[in-house]
Amino acid sequence: MTTTTPARPTAPPAARRRRPGASRRQGAPWAFLAPAIVLFVLFLALPIAYAVYLSFRTEKVSGLGLGSGSRTEVWNGFANYAASLADPEFLASVGRVALYGVIVVPTMLGLALLFALLLDSRRSRATKFSRVSIFLPYAVPAVISSLLWGFLYLPGVSPFYYVFDRLGWDVPSLFSSNLVIFAVANIAVWGGVGFNMVVIYTSLRAIPSELYEAAELDGCTQIGMAWRIKIPIVVPSIIMTFVFSMIATLQVFAEPTTLKPLSNTISSTWTPLMKVYRDAFIRGDLYSAAATSVIIAVATFVLSFGFLRLVQSRAFGQEK
């Protein structure tokens, strides 16, 4: 007589896959991300949301505006945006920033590409010292560099104007109304070339040496190698640095604000962000400042996203 042992019940597939401590392992990434998420929400997401909220509000004053309850916050719709877009000071600041960007971005990226190509050349010498020397201005804070250049621009204390005077040269002041934009642009170029150069130079160092050897066997010169091999390969890096430079141009604030006490040609609304600062902290009009800030943020996003969409196939086609 044979006896059969009853089959042991098998656990469901989901239960078999679940192991002790699996839930703890699944929650570990969120535990590591929690500090960054909390900081992002508190110091970025919530301020942005609050700025958008303020941009649709305004202050209603009753009577003389004295006493409790005489000033109340009310809904204002898109009136703050309409007022900002129609403000002549804001439109003038946008025009100055556009001209500033036309001067700064091509000059800065052109010099960064030139220096990167020179450092990547096999005939270059003292590349480590040159890299540090070119990158060093980027490590100087914008306020300090603006002060340094500002005193070099002042004819009364600048050693350059002293030399020009001794030579009998009549050199106009860089703080004049026609040249002040070049004075501000020079500071941005001086401080930004190094960072962009490092980005482009890093991409050049990633190019396989076999391409250079094959080009040399075909009789390609250093200039031809740079034009036909190096520059086309580093186009994605150039596009990335262009986007960063464009965003920095739209948000220029530290340089003209620091130079403002040294010159009468830089107004408190010389750039859009300077106008935001004046409206918010000098005039106390937080609602108009919030609307202008949202406009600047939207314009920055649209220009950056639109440019990336325009050059997407050219910039990232190599990754496919």
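In this tour, Ala, Val, Leu, Ile, Met, Phe, Trp, Tyr, Cys and Pro count as nonpolar, Asp, Glu, Lys and Arg as charged, and the others, Gly among them, as polar. The model on display is predicted.

**Second largest pocket.** Select Val94, Val97, Ala98, Leu250 and Leu303, which lie nearest the centre of the second largest pocket. This pocket holds about 340 Å³ of space and is lined by 17 residues. By class, its lining comprises 14 nonpolar, 3 polar and no charged residues. Next, colour helix 4, helix 11 and helix 14 (286-310), the elements that each give two or more residues to this lining. Helix 4 supplies the largest share, 7 residues.

**Helix 4 against helix 8.** The crossing of helix 4 and helix 8 is right-handed. The residues of this contact divide into 24 nonpolar, 3 polar and 3 charged.

**Largest pocket.** The elements giving two or more residues to the lining are helix 4, helix 5 (127-139), helix 6 (142-153), helix 8, helix 11 (235-250) and helix 12 (254-259). Which helix gives the most to the lining of the largest pocket? Helix 8 does, with 6 residues. By class, the lining of the largest pocket has 15 nonpolar, 6 polar and 1 charged residues.

Technical notes. Residues are numbered from 1 along each chain as its sequence is written. This is a predicted model: local features need pLDDT of at least 70, side-chain atom pairs count only at pLDDT 80 or more; totals for chains, interfaces and linings use all residues. Side-chain values use heavy atoms; hydrogens and water are left out. A crossing is left-handed if the near helix is turned anticlockwise from the far one by less than a right angle, and right-handed if clockwise. Helices (H or I, at least four residues) and strands (E, at least two) are DSSP runs, numbered from the N terminus. On a 1 Å grid over the protein atoms alone, a cavity is a set of points where a 1.4 Å probe fits but cannot get out, and a pocket is an open set with protein on both sides within 12 Å along at least five of seven lines; lining residues have an atom within 4 Å of a point. Grid points are joined across faces, edges and corners, and a volume is the space filled by probe spheres set on the points.
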